[in-house]
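Thanks for coming. I will go through the ligand site, then a few charged pairs.

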Amino acid sequence: MNIYNCWLQERIVKNTAGLPLEKVYAEKGGLIAKQAVEEYRRGVKRLTGITPAVLPVKAGNNSKIAPGVFLGTYKGFEKIFQITTNSFADSSADNFTDSSAVSSAEGGFYIKNKDGNLLIAGYDDCGLLYGVFRFLMQLALDRDGPFPDIQEEPASPLRIINHWDSITGLVGRGYAGRSLFFENNRFDYNKERITDYARLLASVGINRISISNVNVNNAEKLFITKQYLGELAKIAAIFRPFGIKLILSVSFAAPMSVGKLPTADPFNPSVITWWKEQTDLVYSYIPDLAGFIVKADSEGEPGPFQYNRTQADGANVLARALVPHNGTVFWRCFVYNCQQDWRDHSQDRARAAYDHFMPLDGSFDDNVILQIKFGPYDFQVREPVAPLFGALKKTRHIMELQITQEYTGHQIDLCYLPWIWQDIIKFDTAYGPDSRIMDLVCGNKDTSKLEGFASVVNTGRDRNWTGHTLAQANLFGYGRIIWNPALNAEEIARQWSDLSFGPGPAADTVTDLLLRSYPAFEKYNAPFGICFMVTPGLHYGPNIEGYEFDRWGTYHRADAHAIGIDRTPSGTDYTDQYAPQNAAVFADPARCPENVILFFHRLRYDFIMKNGQTLLQNIYDTHFEGYDEVEAMLEKWKSLKSSLKEEVYKPVLARFERQLKNAREWRDQVNTYFWRKTGIPDKRGRMIYD
Ligand code: GCV
């Protein structure tokens with residue numbers, strides 16, 4: 001494994017299917033189609049050593065020419081090979097109007113064996129690019145036997161990466177070195193590396209990217225001005241051939257901070273005009289910009305509340321400025337009171353997103369997309385799925401995930417996230433039939449307004465991109481699972497390990513480690529969905545009462561007898577934000593899924609759980625087990641010493657060693673905390689410190 005190449009390793013494979021790889025016949029196409037041909041050429045060279053000759057596809061009969069791989073479009077191949085693509089959605093079904101909305105047929109492709117040739121066809125140029133990457137993935141997996149026919153369409157039209165990078169070079173919640181794009185208060189990047197990054201992202205289907213933080217600081221506020229737009233246009237140009245469009249983070253108060261107006265009130269005529277003119281300027285530099293992302297009225301970022309306007313009023317003023325350019329506003333729903341008084345039990349932060357946004361369903365313009373964190377809090381190791389999903393009927397929206405491991409181990413601890421994403425994606429919102437998140441995202445866009453996913457990414461300037469080399473699996477897994485939510489975490493782990501290490505015993509071991517990592521992490525972390533027992537600010541390592549008397553609204557309120565917040569109708573009634581069937585399940589401790597039981601209930605420590613043990617005993621047991629599992633994972637990694645290069649083996653070993661220390665702190669601090677509170681010992685007499 002070469003740590004830089006991630007899942008696009010150079011490795012000679014067998015081509016047992018005997019594919020005619022040497023000749024590639026390419027239909028004439030635009031920028032992205034040309035990139036697809038280039039990716040074919042590079043990829044085949046990387047996997048076989050062959051440099052394919054690129055030849056044009058001729059109209060009419062191609063049967064007399066030497067067999068080869070044909071790259072083109074459904075339309076083109078319909079004529080040349082009489083292949084009908086009825087099974088694919090018709091382009092006329094695309095009734096969206098803005099550049100960020102795409103019908104799921106867009107990006108679709110097929111790979112088909114035909115008379116000794118291999119055809120790779122895209123519904124559009126992006127589809128061709130994805131088809132080429134899918135073909136290369138299949139080739140790299142090096143399976144025996146004939147090359148399979150493959151046909152795919154992305155489940156999620158929007159597949160977004162958000163960076164939280166700052167122009168200083170610092171990456172917000174970044175654990176893989178400095179920013180790929182910025183350093184020292186300016187744009188500073190290696191063009192070749194950004195091209196490689198675009199390739200990696202496109203190879204797993206990413207089609208949108210924002211490169212700077214949603215907390216828009218002073219210099220980044222000026223990104224929408226002439227001072228920086230030229231630089232941004234250059235970045236957009238690197239991503240463009242890979243089918244990835246830029247999204248720009250903007251500040252709601254830009255009319256004041258940038259435009260020097262006395263107000264940012266969305267109803268003020270000069271504010272409306274300012275946004276229009278500024279947006280026109282932005283698009284004169286980047287005509288295919290996907291739009292703006294906005295964090296408003298959240299954690300100190302300005303927003304419409306300041307002017308007694310709603311979130312819809314705020315979003316719509318930007319949306320209207322974007323309409324002439326087919327742009328979209330990605331408006332985040334992370335709106336909550338971060339100045340709460342811990343003494344006040346009447347407020348419940350978990351309710352905030354639904355309380356703010358549900359009454360506005362239908363008030364947002366068509367080119368506004370709400371970006372909603374997957375859970376009601378903030379990317380915790382385990383949270384229920386946020387109740388806005390399934391409930392929103394008239395407002396376009398996407399789900400926000402976090403690949404960067406803010407609360408899941410800082411890319412020091414191994415924590416394979418597709419494990420939790422598959423649970424989220426399979427969650428049934430219980431609004432009628434076919435109402436799992438995966439059904440909603442794949443569903444008819446007239447009835448389901450869930451259009452995809454955005455995720456805060458885990459990459460930086462570290463040579464291996466992700467700090468922990470095995471955390472590459474999370475970036476890969478994000479792309480794969482949102483492309484096809486029917487894939488399970490196990491298949492994805494296996495694919496990533498085989499592609500990265502080459503199929504074989506090392507890949508088997510790595511797959512096993514990935515799959516064990518999330519359950520182990522969850523066990524030694526905050527128990528049963530209680531959330532926020534982390535070190536404040538840093539968010540690594542335990543601090544059981546770190547947020548308990550603070551302003552952030554994330555309390556567990558443990559005393560000598562019980563822990564948790566009652567979020568049922570007898571408490572804050574958060575459960576009522578769910579569809580009735582789910583509300584009933586969550587409100588009933590006997591039926592509530594145990595991995596989130598402490599999110600919904602205040603329970604006594606002697607509450608008996610499904611395994612017949614008390615809650616307290618389960619807390620003790622999971623924390624001992626979590627630590628033991630990390631110990632076993634470390635040993636397993638050591639077994640790979642002789643089969644891996646040092647640059648792969650050693651840094652991961654060092655991380656496992658740190659993870660073990662972290663798991664020990666979690667185990668002992670959590671267990672001691674509850675032992676001190678309750679005075680009830682561990683039934684099995686294991687060591688709990690006083
Ligand atoms: C960009 C959490 C993080 C912040 C982040 C915020 C957000 O609170 O700790 O760093 O800020 O989420 O999603 O806006």
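**Ligand site and salt bridges**

A polar side-chain atom of R332 is 2.7 Å from an oxygen atom of the ligand, a polar contact being a pair of N or O atoms within 3.5 Å; within protein, one must be able to donate a hydrogen and the other to accept it, and residues adjacent in sequence count only if both atoms are side-chain atoms. The protein covers 91% of the 340 Å² of accessible area that the ligand has on its own, by the Shrake-Rupley method with a 1.4 Å probe.

Before going on: this is a predicted model, where local features need pLDDT of at least 70, side-chain atom pairs count only at pLDDT 80 or more, and totals for chains, interfaces and linings use all residues. Residues are numbered from 1 along each chain as its sequence is written, and side-chain values use heavy atoms, with hydrogens and water left out.

Back to the ligand. For R173, the distance from a polar side-chain atom to a ligand oxygen atom is 2.9 Å; for N215 it is 3.2 Å. There are 13 residues around the ligand, and R173, K295, R332, K373 and E406 come nearest; to be near, a residue needs a heavy atom within 4 Å.

Now the salt bridges, each a side-chain nitrogen of Lys or Arg within 4 Å of a carboxyl oxygen of Asp or Glu. The count is 39. Among them, D365 pairs with R320, with closest N and O atoms 2.7 Å apart.
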